[in-house]
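Please open the model in your viewer and keep the selection panel at hand. The tour below goes from one selection to the next and says what is there at each stop.

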Amino acid sequence: MTKKLREALVTSPSFIWLTLFFAIPSLIVLAFTFHGHTANGGVGEWSLSTWRELVDPDYPVIVWKTIRISAEVTAWCILLALPCAYAIARMKTKWRAIVAGAIMLPFWTNFVVRVFAWKTMLHPDGWLQHCYFAFLQFRAWCFEWLPPSVRGFCVWSGLASPTPPDPASSTILDSETAVVLVSVYTLLPFAIMPLYTAAEKFDFSLMEAARDLGAKSFYAFRKVFIPGIRQGLVSAFLMVFIPAIGSYVIPQMLGGTNCVLIGNKIFMRAIQNRNIPHASALATLMAVSVFLPLGCALWWRRHQAARDKREVEVRAARLMLGGTK
Amino acid sequence: MRRSFFSMTMLGLVMAFLYVPVILIFAYGFVPNGVSMSFFGHDGRFLGFSGKWFGLIFSGHYSVRPLLQSFWLSLRIAGLATLVSCVLGTTAALALHKWKSRLQSIHYGLVYTPLIMPDILIGISLLMLFVASGIECGFWTILIAHVTFCVSYVTMTLLARLQDFDDRIIEAAYDLGAGPWYTFFRIELPLLLPGIVAGGLLAFTLSIDDVVITSFVNGAGTNTFPTYVSSMTKHSRNLPAVFVLSTLMLLFTCALVGVSKFLTSNHEPRRKA
């Protein structure tokens, strides 16, 4: 058996499977975006009408909302995960494995069942509802103090609601807050794990050095620890942001009609409205908003590696020059 | 070693946040009233714990029969998907590890991209494939979909294991006159088995957990456990039964992982020797 033939033989099972059931279907989706749709739920002639219809005021709002909510979820996850990763990395080796395992353990319960448990907890009679309403009132009170132009921007971007909270209509179930809360809950381990692996490799004597030189704890954390684990930060960002963009179940079960994201719209168009070209176009948009940050992160990583290499070379050159002097 | 009080407190709070729903799932498996989902009566009196949901599940009562059927379907699909994706994943990892050609870089792209693709995109593209080729959705389409996303995870797990695999062992086998088939089945495969088991466990949990992709390709009337649960409403009477089932599953998974940890930790000294 020649080498080439053996390689082809070992490669072919997975290669053929993934081509058939991953690559070709993705291309079909892309092809469908260049078709119109017919009234009876079929796919029409080749045309650009689908892309033109995407300007429909509905879609840009949904895309923006998805990106905003994903950004919120990512920010919360990283904020909560940073001190956790720091705390775990400072533990003794035996404890680290136990705590890391304990963080993953809840995620062996079925995902849908966990979301259902949240649904039960967020019930309008529950105590979380009271906390939520108090939070809304507090937030409205905070926004009172802002200058009108900033307040206007917050209302426009969806960060604040223009009217004061009303006890009858502001339930936490079927609200954006519920979606953000439960998304943070499900994605938090994916932020903790990469940050923790980066923190584990971090040399904590650097922080002690910073403290010896007079830095306060938080200053050392911000100026030494955070830059030291930036690779982990980028991984954590990707691990949370990408699934958040693609989330479908959580807004479906907890967001009601107030929180329809791209994922829900794709499902609606594909299954309920039988408008396959529109579903395909939205799916393409989603893929773009996933691959864009990923591409940026990969470029940044390569750029960083190149810079580090250059720095080493410059230093080496300096050393050599110093040596010849 | 210096510990920061703030970060330890945050870790404690985050752990509480992660565990509250799990404890709730466990507790609501014992709820006496399945409609109000409350441990208290209308007059605020504590009603105590009830084991009736466990009874319903173990006796296979007709009211939980659709639930049990969906659960059984999930188990069958997860088992088959694990089996197929382990075979495909092993060959893929071996090919990616052994050869560094142009073909393999395309192959790597094919294996890697499903990992970053959101589930919903995999789901819709498969649905369109099945619609375009006129395949009726049901058991087989769910299985195909699950294998497709599991292969990548199995391959990546194995590829990580293969990095500290000593390739000289294979060369030694060839030098001693073993053929490629004998080398693969008697030397490579047994050495890779812990990695394959780890990948298979991952595939099984992913398959049994998946709801998004399945809800695109399941067709009418075929429900796995997750899609059945997600189609339930708040007021379906069987919610505590669902909680009981997932508590049992969690215990089962813990036991399985504990056993596999025990087995692999027993293997390690022998491998080093």
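Begin by selecting chain B of this predicted model, and consider its overall dimensions: the chain has a radius of gyration of 23 Å, whereas a compact globule of 273 residues would have one near 19 Å. Turned onto its principal axes, the C-alpha trace of chain B spans about 80 × 65 × 40 Å. If you colour chain B by secondary structure, you will find 11 helices and 0 strands, so that reading from the N terminus gives the order α-α-α-α-α-α-α-α-α-α-α. Of the 273 residues in chain B, 38% count as buried. Among the contacts of chain B that link residues at least 6 apart in sequence, 76% join residues at least 24 apart.

Next, colour chain B by domain. The domain assignment gives domain 1 as residues 1-60 + 232-273 and domain 2 as residues 69-224. The centres of domain 1 and domain 2 of chain B, taken over C-alpha atoms, are separated by 29 Å. How many residues of each domain are in contact with the other domain? On the side of domain 1 of chain B there are 5 residues, and they are in contact with 5 residues of domain 2 of chain B. By class, the side of domain 1 that touches domain 2 in chain B consists of 1 nonpolar and 4 polar residues, with no charged ones.

Now select helix α1 of chain B, residues 5-28, which has 24 residues and reaches 34 Å from its first C-alpha to its last, close to the 34 Å expected at 1.5 Å a residue. Follow the axis of α1(B) to B:Tyr19, where the helix bends by about 35°, and note that a proline, B:Pro21, follows within four residues. Show the side chains of the buried residues of α1(B), which are B:Ser7, B:Leu11, B:Leu18, B:Pro21, B:Val22, B:Ile25 and B:Tyr28.

The next stop is B:Ala81, which lies in helix α3 of chain B, residues 65-98. Why does B:Ala81 count as buried? B:Ala81 counts as buried because 27 C-beta neighbours lie inside 10 Å, and the cut-off for a buried residue is 20 or more. Leaving aside neighbours within four places in sequence, select the residues with which B:Ala81 is in contact, namely B:Leu143, B:His146, B:Val147, B:Cys150, B:Ala203 and B:Ser207. If you then draw a distance from B:Ala81 to B:Leu13, C-alpha to C-alpha, it comes to 37 Å, for a separation of 68 residues in sequence.

Move on to chain A, which has 14 helices and 2 strands. The radius of gyration of chain A is 25 Å, whereas a compact globule of 325 residues would have one near 20 Å. Along the principal axes, the C-alpha atoms of chain A fill a box of roughly 80 × 70 × 45 Å. Of the 325 residues in chain A, 36% count as buried, and residues 24 or more positions apart account for 74% of the contacts in chain A with a separation of 6 or more.

Finally, display both chains together and select the contact between them, which takes 61 residues from chain A and 61 residues from chain B. On the side of chain A that touches chain B, the largest share, 18 residues, comes from helix α1 of chain A, residues 3-32. Coloured by class, that side of chain A shows 47 nonpolar, 10 polar and 4 charged residues.

Technical notes
Residues numbered from 1 in each chain as written. Chains lettered and ligands numbered in written order. Contact = placed C-beta atoms within 7 Å. Nonpolar A, V, L, I, M, F, W, Y, C, P; charged D, E, K, R; others polar. Rg over C-alpha atoms; globule rule 2.2 N^0.38 Å. Buried ≥ 20, exposed ≤ 12 C-beta atoms within 10 Å, placed from the backbone. Domains from an automatic or database assignment. Expected span 1.5 Å × (residues − 1). Bend = angle between axes of the 7 residues up to and from the residue.
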